Amino acid sequence: MPPPPEGLPTRQVCEQARLSRDARFDGLFFTAVATTGIYCRPVCPAPPPKPGNITYYPNAAAAEAAGYRPCLRCRPELAPGDGAWRRGDAAVARAIKLINEGLLAEAPVATLAERVNLGERQLRRLFVERLGASPQGVHGTRRLLFAKQLLTETDLSITDIAMAAGFGSLRRFNTSFKDAYRMAPRELRRRPAASRGETLVLRLGYRPPYDLAAMLDFLRGRALPGVEVVTTASYRRVIAPAAPGGRPGWLRVGAWDGDEPALKLELHGVPPLQLQAVVGRIRRMFDLDADPGVIASTLEADARLRPLLRRHPGLRLPSGWDGFEIAVRAIVGQQISVAAARTVTSRLAQRFGTPVDTPLADGLEHLFPTPADLAYADLDGIGLTAARAGTLRTVARALLDGQVDFRPEQTLEEFVGRWTALPGIGPWTAHYVALRALAHPDAFPAEDLVLQKMLPGDGSRMSARTLAAEAEAWRPWRAYAVIHLWRQASEQATPPKVPAPRRRTSR
């Protein structure tokens, strides 16, 4: 028997998590039961099977490669991904990002291997060793589980679901689904859908703890009027159409009703072919696949960070919807406050963004400008210096001609090197963009003034070089340390609320 794939918790840990239905381990392993041929999440509400009938797998693809099919009660498609091997600069992590973007729907594994600078045979071996499944197996399981969620939670037609999941034809989808799950899609569809009509409602699971209030607070302070609306309870934004001439859609993200560790994604006017990409962006933007336990085990070794993690154990990386939008925010925000940067970026978005034909929802009125919109734009009169206006145009043109991009297979070093080669882009900007556009867990803007002041904690200021040296011990999760330090600075800058004095009233 081959050794268990890398990253799988010990059997004792799996047993304890399964028997206690510990949501912190959701998505970190799956329980396959030999007597039923079913695999489950560790939080499955079904009566626990006998240990002798169980095999543990690190992911759904490995369980399906062994011939198991997903449980209809706990629904493995709702489990968060294992961020420990999906993120960072390892070859498998970069390959997973490309698979999640649908590369293998149109290209062979050889192309995937080439994109991450490996031989095809070596890539296949790494996938089997670390994930227990081949690249094609990971791709196939991802498509089928997404289709299963749409079948269960929406009333989309089976043809639309086949297209949304990346299958080229309805026949291919029906065959693949029946071969893998031993039932036709229409048999699963007999169950009542959770959402009907024009609005699609999808459940996006995460691994607790998760601080949604802090995430929305970060996004609310940077929200661009007309493009997005952020309240204490939800995030809304307009979505560009998938094809020129199409009508924009919009989305809303909030907490799932009840105590289930999940977010509620509402989609309005989003065509089926766009669904998987939109869900992927939201999972990245809200950092739903992070493993707080793994991150904390590294960062808590630093006594300066330990109290911050204990105060806010559910902080995640607040990414952004679009890479170019984040790059514009970063350039505008060089050496000015968050509030000032928001004001200038809002003016830019209103002047150069594409207005929607009819209002989509309250406060959603136009799309953010594209690189083509700003490549040669006259940016006078919105509060930008001539130098920053020139940098914005330079970046827009560099994106259009391919000098820089947001390809997921880039390492952090490659990304920063290409971006800092552009005039006006320094290490702070490049790392900020990597943190918020790529959600890179190890991005670290050492030139950040707030970080340099917050880490010492005694009123002094570190140099960028000293700060970077101190942060070496936080790899590969330096970006999470950044978020905790920024949060601490924000809390210290906000004066505590003083209760209003009671008024005397006459009787």
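Two strands count as paired if DSSP finds at least two bridges between them. With that settled, here is the sheet. Keep in mind that this is a predicted model.

The sheet is open and has five strands, in the order β5-β9-β8-β7-β6, and the pairing is antiparallel. What stands at the edges? β5, residues 199-205, and β6, residues 228-230, do. Each has a single partner strand, so one side of each has no neighbour in the sheet. From one strand to the next, the twist averages 15 degrees.

Now the packing. Helix α12, residues 272-285, lies against the sheet and touches β5, β7, β8 and β9. The direction of α12 makes about 40 degrees with that of β5.

Seven bridges join β5 to β9, and the two run antiparallel. In this pair, Leu200 stands opposite Leu267 in β9.

β9 also pairs with β8, in the antiparallel sense, over six bridges. Here Val253 is opposite Leu265 of β9. β8 and β9 form a hairpin, with six residues between them. In the turn, Gly258 has a positive phi of about 90 degrees.

Is β9 largely enclosed or left open? Buried means under 20% relative accessible area. Six of the seven residues of β9 are buried, so the rest of the structure largely encloses this strand.

Last, β7 and β8. Residues 234-239 make up β7 and residues 249-255 make up β8, and six bridges pair them in the antiparallel sense. Arg236 stands opposite Arg252 in β8.

Terms used. Residues are numbered from 1 along each chain as its sequence is written. This is a predicted model: local features need pLDDT of at least 70, side-chain atom pairs count only at pLDDT 80 or more; totals for chains, interfaces and linings use all residues. Side-chain values use heavy atoms; hydrogens and water are left out. Helices (H or I, at least four residues) and strands (E, at least two) are DSSP runs, numbered from the N terminus. Axes are lines fitted to C-alpha atoms, for helices over the stretch in contact, and angles run from 0 to 180 degrees between N-to-C directions. Contact means heavy atoms within 4.5 Å. Buried means under 20% relative accessible area, exposed over 50%, partly exposed in between (1.4 Å probe, protein chains only).
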